Amino acid sequence: MKFAKTANFWRHVILLLLALLFTLPLILMVFSSLKTPEELARNPYGLLPETWRWQNYPDALTAIPFGRYLLNSLVLCTGTVLGATLSCALVAWSLSHVNWRGRKTAFVLIIGTMLLPWQVTMVPRFVLIRELGLYDSLWAIILPAFLGEAFFIFLLRQFFMTLPREMLEAGRVDGLGEWGLFWRIGLPLSKPALATVAVFQFVYTWNDFSGPLLYLNDPEKFPLAYGLERFVSAYGDQTHLLLAASVMFTVPIIILFFLAQKTFIQGIATTGLKG
Amino acid sequence: MGRLNFRLTKASFDQNLRFLKRHVCRYAGNVVVSLMMKRRNLIGYLFASPWMVGFLLLIAWPFAASIYWSFCQYDLINPPEWVGTENYRRLMQEFREGRGFAVALQNTAYYALLSVPLSIVVGMGLAVALSWRVRGQAFYRTAFYLPAVIPIVATSVLWMWLLDPQDGMVNYLLSWLGVPGQNWLTQSRSAFSVAGLENAAGWAAGKNQLLLFGSKDALVLMSVWAVGNAMIIFLAAMGDVPESLYEAATIDGAGRFRKFWHVTLPLLSPVILFNLVMGLIKSVQTFTSIYILSEGTGQPGESLLVFSLHLFLSAFSDLEMGYASAMAWVTFVILVVCTLLLFRSSKHWVFYSSQ
């Protein structure tokens, strides 16, 4: 009994130390973003700020066009989330509940494209976007989301396969067409899976740096992820503002993570991909 | 009974009618069924159309174009001009002379060889710690996983600050352990290289300062910090190990360590393979953090000029689309060969419980 207690104690010590090690950079980021620039230079190692300078946040907001970037990020996220959930649900439905010729081939191709590195198609995609006149437009990032993403199609297909067949048969008897089955029965029953796709796509677009780097040129159209990097190049020495801006950029993702923690963790545990 | 009868009697007439009814109906039924099948096809195509368009535009055409352009000189402004195997020969030459592509390959290999196994060891270690039955598991899990959800741009900014040679926190903590400050992001020499080992030997002989870690080691450190995804996969797999196996091992007198070695590890080996392959693919594709740490240059020296950055710079700063395409394909082939080798080797170390 006594042994079990001391063992438990040491386990807690180890876990706490590890937790501290992994969260310390984030804790430092938050507290240091509230220090005065003078204190950051004089004593960068103190945990709590001597004087709490909340002004860093408004200052960071004005130093970069934060509102503009935020708006662009939100437009991109809304567009890609809508596009990805809708298009991937449609395609996944055709792979699981419509028996069409060639669907097996399509499924194999979809799995195959998941393994293709983005670098291979990067150059032609860029040329295509330019030819379509979408270069330097937010559509360059939104539109491809409407054309399906292999990983999400796979994820939704796996989920649709688990829907009870009897329910769909009942719907058919009640006179629902293929679209009705999809829209009235399939989608409402698949909310958790659709939420997973939406959350993953949101996080992906919010964090995406290479898309804007490739396709956007006009600072008016930059999303936060890219704008923040520009900020680093321009204000590299103003650590206090840099940290404040990084915190503001990160907080929405952290909030989303805590709201949808189950979705995050199950999505990764069951499929293992993405991220 | 089941055929037409040409005698003109009532009975044969009835028989003929029955025959026609049965067969015509069956035939008509077949037609309807086949029509429905076609309607099915049509419905299927309609549902799958977003992917079909996407596949043609974003996968199939780019795939073909990229192969074709790899044999061309193409600067985005003038039309592609066929140059045969010129781009591939240039890659070969750079490879022999140890510059350009060869540097990119070396850097990528260094990063992959260090970060992938380290992530697996650390991810598994954390998963083991999380599988202990103590209070507050959920809290610890969140704490370990949190770095993996931080946007990579923020992670890069944060670590650039933490790894600052003058007043970065990492060097400060190292100084507690008696390790001198390292030039994390300003030194091109890496720890596990000939030059790095020479530095360590010189330090041991008291000739020079110990300046081991360089920019690629910083990158490895960042990737290990954000190890959450691999950890979650290991944790889920550990939950699937049947309790009875551990009980049997306990009865056989196995201790904690032997249980891990003989029960947990073999049952996790398929997941290790999975994480190895995914980690390999991910490490080769890593771009954002490297771009930000080196401000898009691959500096210090060419130490951060990994494959993905070299490809990006060749394409969009040198406007050499042909050369970039050829490089993408060569690297893709190398990646596929490495993955296949991993799968091949898995016969010897991966244990599938269904066997």
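Start at A:Trp139, which sits in helix H7 of chain A; helices here are DSSP runs of H or I with at least four residues, strands are runs of E with at least two, and both are numbered from the N terminus. With 48% relative accessibility, A:Trp139 counts as partly exposed, the class between buried (under 20% relative accessible area) and exposed (over 50%), using a 1.4 Å probe and protein chains only. Please keep in mind that this is a predicted model, in which local features need pLDDT of at least 70, side-chain atom pairs count only at pLDDT 80 or more, and totals for chains, interfaces and linings use all residues. Residues are numbered from 1 along each chain as its sequence is written, chains are lettered from A and ligands numbered from 1 in the order written, and side-chain values use heavy atoms, leaving out hydrogens and water.

Now look at helix H8 of chain A, residues 150–161. Nine of its twelve residues are buried, so H8(A) is largely enclosed by the rest of the structure. Among those buried residues are A:Phe151, A:Phe152, A:Phe154, A:Arg157 and A:Phe160.

Stepping back, chain A has 15 helices and zero strands. Its radius of gyration is 24 Å, well over the 19 Å that the globule rule gives for 275 residues, so chain A is more spread out than a compact globule; the radius is taken over C-alpha atoms, and the rule is 2.2 Å times the number of residues to the power 0.38. The C-alpha trace spans about 75 × 70 × 35 Å along its principal axes. Buried residues make up 53% of the 275 in chain A.

Notes. Expected span 1.5 Å × (residues − 1).
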